[in-house]
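Open the model in your viewer and keep the selection tool at hand. The tour below goes stop by stop.

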Amino acid sequence: MASGGKVIYEQEGVFIHSSCGKNDDQDSLISGVLRVIEKENEVIVDWRPLADTLDASNILCAGKDSSSVVEWTQTPKEKCSRGADRPISYEAEWDMVTTVSFKKKPHSNGDATTHANGESKWSFLFSLTDLKSIKRNKEGMGWSYLVFCLKDDVKLPALHFHHGDSKLLIKCLEKHVVLNESPQDKRILLVNSQNKSLSQSFENLFDESSYGLLQVGKRKIFCGINYWKKLKKDPYTVTMGRFSKVTNYIFDSFRLSDPSSQRRPPSEMADFLNDAIPGLKINQQEEPGFEVITRIDLGKQPEVSRREPVSAEEWAKNMDSEGRILNVDYIKQLIFKGGLCHTLRKEAWKFLLGYFPWNSTKEERASLQKRKTDEYFRMKLQWKSVSEEQEKRNSRLRDYRSLIEKDVNRTDRTNKFYEGEDNPGLILLHDILMTYCMYDFDLGYVQGMSDLLSPLLYVMENEVDAFWCFVSYMDQMHQNFEEQMQGMKTQLIQLSTLLRLLDSGFCSYLESQDSGYLYFCFRWLLIRFKREFSFQDILRLWEVMWTELPCQNFHLLLCCAILESEKQQIMDKHYGFNEILKHINELSMKIDVEYILCKAEAISMQMMNCKELPQAVSEILGIESSSVTPDSDTGEDESGAVLSCPTSLYQSVSTPVIAANGTRDSTQQMSETQSSTPA
């Protein structure tokens, strides 16, 4: 068997009766372990014997000490001696591929091939894609058993569940394939191949096939199996873990002869999404409020340009002799318009994230760092001092540690800072995330947090500073990772509102393709575009967003900018539901960060200059509506809206520039007024 994967079902005491009906001696019973293994896009059912004969020493040690992946070579006595102190987690063995050597098994689908040593001739494995049917025993007739029949009509040996629980296997398989009782024999479960493509596509989308299809008359409806249970435990993985693998067969089961039947009724799609993110309101019909928004003319988007990154000289000029920042608004404007040169990030990010107060002196910051260092290592000692015996009785800590170890081992491994074996950067990632569990034990660790920490540690190159910057960032992002995912619900609804104002026609097209809920933006919002841009571009994008300029929720305008940039291709090529998902997903690492920043800024100016901005949009962007005329001396812009930032200054630091088309104009220079240090 190929290496890698995850054991999602395991049952010992599953026997093959090799001589059933002839005699009942022990040699006719072959004890084995049955596992269901999830590997990339494939789910594999694997059975292998514990030994050729029923030997008590083999049975005692063969359970948790033999892995479905690792082919242990020790003798039975050695197994027994190691079994007690070996971890019980198969998942760790699957995921820590770099630390375990694997051997391929010479099995083929449905064949009871023989090992070189002759000990495993009854072993078999097959992919669920090859499964045709499952035959069950009659109830009340001895041990429960199952017989797997493959699509090439090969029948595998009956598996007898001496310890019971065959129904648990069926439940596990139903998460990945649709099983229906045969009309001719209720003991036979048929794999519904017609609906398999849809089931598989949502397995890819949600990292777990949590939805099946129910047939109600001529209408197919979605049926949530246990999605919310998984979502509460791990929203990032369940919802987005396999988003990148959405493929072209998502509509296969709906493509009937009648083209009108290819699209799901809006009510069904709304039900499905409400199950996915409870509380997310999907608008299926034009409502009066949306009608008003769609008729507002925002006018033409203004030309926007960007400047060079803030230099060390500019930063130093804006600091007094004691190390205080002289003009916080001014320096934020510079950062928003151009970002920071890399040498400044280690210091400036601490201010942007709120770790350092903007009005603090160098001495005050040194004192703060000393206190925070002591506090960090006290928390780190809490989990470091937990013994193995204690951890055995602390399931939450075990779960956090397991999840962190897996995530750290696959976070930004192509970056030189994290690549290679025994990388000290990975150790620091692990320790910071474990310490965060002590800092916020209620939230603990949720997959996706390692994506947020990685750039911070890369820039800080210091465990303590990276931790406290991460704490500050998580204060902003906390709601994204909470069980109820309230932050994600709110942002998706707000994004829909902004996009409808910006381009109601595009919104209507997306809705006509069952995509009006903008669910494909989920990953963008959850981890702030971390997977969409290159590592260096993310450093630029995040520092710009941390200025909180030019308005609230600027990251939503970045989403609008990306979508508007892709609108023409999506509409001209008549992309449907699946094509839109695929296209958006394939934008990853292909987006020009400077162009998108220009476009998002232009959209913000376009909306701020709108004289009839809807109240809902004003609240999203943090713009306070006002009836005072533009001629009054209140500091308002021409739109009659009071902004949360100084608009005149915001518009004044735009040179030297990078235009919205990505070209750089080096002829313009910062005026003396702009380059001088404000008093």
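**Stop one: a helix pair**

This is a predicted model. Select helix α20 (residues 504–512) and helix α23 (residues 554–572): they pack at an angle of about 55°, and their axes lie 11 Å apart. The crossing of α20 past α23 is left-handed.

Now show side chains. Which residues of α20 meet α23? They are Gly 505, Phe 506 and Tyr 509. On the α23 side, select Leu 563, Lys 567, Ile 570 and Met 571. By class, this contact of α20 with α23 has five nonpolar residues, one polar and one charged.

**Stop two: the cores**

Nonpolar side chains tend to be buried together in soluble globular proteins. Here, the largest nonpolar core has 125 residues. Select Trp 315, Met 449, Phe 481, Phe 529 and Met 607, the residues with the most contacts inside this core. Next, colour helix α18 (residues 463–481), which supplies the largest share of the core, 11 residues.

Move on to another core, which lies apart from the largest one and has 28 residues. Val 14, Leu 128, Leu 159 and Leu 173 are among them.

**Stop three: helix α24**

Finish at helix α24 (residues 577–585). Is this helix largely enclosed or largely open? Seven of its nine residues are buried, so α24 is largely enclosed by the rest of the structure. To see the buried residues of α24, select Phe 577, Asn 578, Ile 580, Leu 581, His 583, Ile 584 and Asn 585.

Technical notes
Residues are numbered from 1 along each chain as its sequence is written. This is a predicted model: local features need pLDDT of at least 70, side-chain atom pairs count only at pLDDT 80 or more; totals for chains, interfaces and linings use all residues. Side-chain values use heavy atoms; hydrogens and water are left out. Axes are lines fitted to C-alpha atoms, for helices over the stretch in contact, and angles run from 0 to 180 degrees between N-to-C directions. Helices (H or I, at least four residues) and strands (E, at least two) are DSSP runs, numbered from the N terminus. A crossing is left-handed if the near helix is turned anticlockwise from the far one by less than a right angle, and right-handed if clockwise. Contact means heavy atoms within 4.5 Å. Ala, Val, Leu, Ile, Met, Phe, Trp, Tyr, Cys and Pro count as nonpolar, Asp, Glu, Lys and Arg as charged, and the others, Gly among them, as polar. A nonpolar core is a set of buried Ala, Val, Leu, Ile, Met, Phe, Trp, Tyr and Cys residues joined through side-chain atoms within 4.5 Å. Buried means under 20% relative accessible area, exposed over 50%, partly exposed in between (1.4 Å probe, protein chains only).
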